Amino acid sequence: MADRLSETPRVIALTGPYGSGKTALMEAMLAAAGATGRRGGVGDQSAEAKERAMSTETNFARLDWMGDAYRIIDTPGSIEFSADAELALPAADMAVVVCEPDADKAALLHPAMKRLERLGVPHMLFVNKIDQARGSVRGLLESLQAVSEAPLVARQIPLRDGESISGFIDLALERAFIYRPDGPSEQAEIPAGETEREADARFHMLEQLADFDDHLMEELLSDIEPSRDEVFGDLIKETRAGQIVPVLFGSAANGFGVRRLMKALRHETPDVAETARRLGADGAGGAAAYIAKTLHAGQSGKLSIARVLGGAIKDGATLTGPDGETSRVGGIFALQGAETEKLSEAGTGDLAALGRLENLKTGDLAGEGQSLHAPAGELPQPVFARAIEAGSRDDEVKLGTALNKLAEEDPSLSFAPEPDTGEFLLRGQGEVHLAVAAARLKRKFGLEAVTRPPATPYKESIRRSATIRGKHKKQSGGHGQYGDVEIAFRPLGRGEGFRFDEKISGGVVPKGYFSAVEAGVRDAMERGPLGFPVVDMAATLTDGSHHSVDSSDLAFRLAARQAAQAAFEEAGPVLLEPVYKVTLSAPSASTSRLTSILSTRRGQIMGFDAREGWPGWDEVQAYLPQSEMADLIIELRSATQGVGAFEAEFAHMAELTGKLADQVSHQQRAA
């Protein structure tokens, strides 16, 4: 067994696009370390993941390699579950970005690379499925460089045997290796025909390293061959500092290059102390931990997956969250996929599940006896919604509780009542995201939820002024009912809401009834002649009469409602639809598709520009009716290889006329 390089466990996160092979790589690493005897035994085993053949949540595993302890975080690749990666990655000492050897898919890496750069997590690139590569590796690296701020430094060059790739040359070691399925690569002599290519590639690697090392630059300018120790020293230092992104090749499915990757991780992964500094926990006096994920695990209750950044956390310890509230640890567990093992404590560097931390949430930094504050993650804005209700009336209360727990597990889920439509909306990152949430409601909480597309909160207003008299008179023995009002109605500008005033002279309507008159108008505004709430209108009480015995608040309220209902018909009702200001972003090659999508959805394009900080990406700004946004994200991702995104904010209400307005109004009145 090799000497230990670290006294504490180190955490490696696997990230990258959907389908790149992250889970396969984790399982290959576990198999190489002897932590599992078979493939597919530790990956995401949830029913939702199996059904869709994709990871739907972060998965965790443990292994020992050459005497050192490692904890693996396998994050989902789908952009719909990106919040899991956003919140789990800060716990990692090093990230491995997994990608495919296809230059046409390089843009798919951009979201993952930008996230790591923003979070400050050192990372290296593992080009998976290298046995399936067909194009030029140099061309692939040029395409990949466009998505990375730091230079990509190829640590290896592939060796070809005819059309297939059979191994690689390690440029730092200056040795050739031949792939062996599920076993260590076999060292070999560098083929005679490859020596010139190896020399060119190695010199290019050294030039890249020398950009951050003046001594190495002087050696290269003086034609002095740097020592191997110096080269490895620069690789370690510059990788840990995030100045470079090393690139390695392999095939997780066959075990190719996996051990070489693990050896690079062994040397180049920073210690937990660096991670603690990055998260602001290096000054903690006692134990400190970062919550990377929250789970609700049946009888085990709430589990907080925590990276211990300093000290040791024992069962029963009290941790203080950022807001000062405390929680007592109720159980500590090691994680290996879906399996758990009880521990007595979690030491510095470890990644473990802490039970019953009720006052801590994902993304929190907790201290023993003190409050700590981690940099806030950037959760994506919801882009897809469904109206949701319990399948049974008996489950209505349970549904709210269950959704609270799902939102704790996945903070990119949100739910709230929609005041304008009366619906309860579940919002998230896409169709699959919300379908998985509904499936989890059934599996974990036994709740059958009914979902449907949300209604659009249309409104209506009036086009012109009208003055209407309304009278409510009823006599049925004893005191009768009498209310008589004349009200002038006029339209207001968009967004001005409702105003009520009075211009009564001579006390024809006593002051005490003014509020009842306003209430009657508001009653009528709840549903106008087109079937929707009325907005942007002023009502002025100008005349009326009363009876000293039969007048009452109710009578004047009914009279005012009658006047308002008649006025809405006479004043030219108009349907209003909510319009949002949207910003769509995608690789520049897809910009024409974005404009086409907006045009077919009645969008008013305001302009487009390069996306700041995202080379090769564009942003398109437009005004888009809310009714056209329900499935916008589905079409947008379909047109952009799954990486397109948008942000939206309410802009204004706009008139809707013609056949579409007639159709909306007809459907509403028929409902």
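In what order do the 4 strands of the open sheet with antiparallel pairing stand? The order is 23-24-22-25. Strands here are DSSP runs of E with at least two residues, and helices are DSSP runs of H or I with at least four residues, both numbered from the N terminus. Two strands count as paired if DSSP finds at least two bridges between them.

The model is predicted: local features need pLDDT of at least 70, side-chain atom pairs count only at pLDDT 80 or more, and totals for chains, interfaces and linings use all residues. Residues are numbered from 1 along each chain as its sequence is written, and side-chain values use heavy atoms, with hydrogens and water left out.

Strand 23 pairs with strand 24 (residues 424–428) over 4 bridges in the antiparallel sense. Serine 414 has arginine 427 of strand 24 opposite. Strands of a sheet pair through backbone hydrogen bonds, either parallel or antiparallel.

Another open sheet has 7 strands in the order 2-3-1-4-5-11-6, and its pairing is mixed. Strand 2 (59–65) and strand 6 (152–154) are its edge strands, each pairing on one side only. The twist in this sheet averages 25 degrees from one strand to the next. Strand 1 (residues 10–15) and strand 4 (residues 94–99) are joined by 4 bridges in the parallel sense. Opposite threonine 15 is valine 97 in strand 4.

Next come the nonpolar cores. A nonpolar core is a set of buried Ala, Val, Leu, Ile, Met, Phe, Trp, Tyr and Cys residues joined through side-chain atoms within 4.5 Å. Buried means under 20% relative accessible area, exposed over 50%, and partly exposed in between (1.4 Å probe, protein chains only). The largest such core has 57 residues, of which Leu125 and Leu144 touch the most other members. Helix 5 (residues 137–145) gives the most to this core, with 4 residues. With neighbours within four places in sequence left aside, leucine 144 is in contact (heavy atoms within 4.5 Å) with Cys99, Ala106, Leu109, Leu125, Val127 and Leu152. Another core lies apart from this one and has 31 residues, including Leu434, Ala586, Ile597 and Phe646.

Some single residues remain. Aspartate 501 belongs to strand 29 (residues 498–502) and is partly exposed, at a relative accessible area of 40%. Beyond its neighbours within four places in sequence, aspartate 501 is in contact with Ala539, Thr540 and Leu541.

Most residues other than glycine have a negative phi. Aspartate 536, however, has a positive phi, near 55 degrees. Aspartate 536 sits in the loop between helix 13 (514–525) and strand 30 (537–545), and its relative accessibility of 3% counts as buried. Glutamine 641 also has a positive phi, near 60 degrees. The loop that holds glutamine 641 runs between helix 16 (632–638) and strand 34 (645–656); glutamine 641 counts as partly exposed, at 48% relative accessibility.

Methods: Axes are lines fitted to C-alpha atoms, for helices over the stretch in contact, and angles run from 0 to 180 degrees between N-to-C directions.
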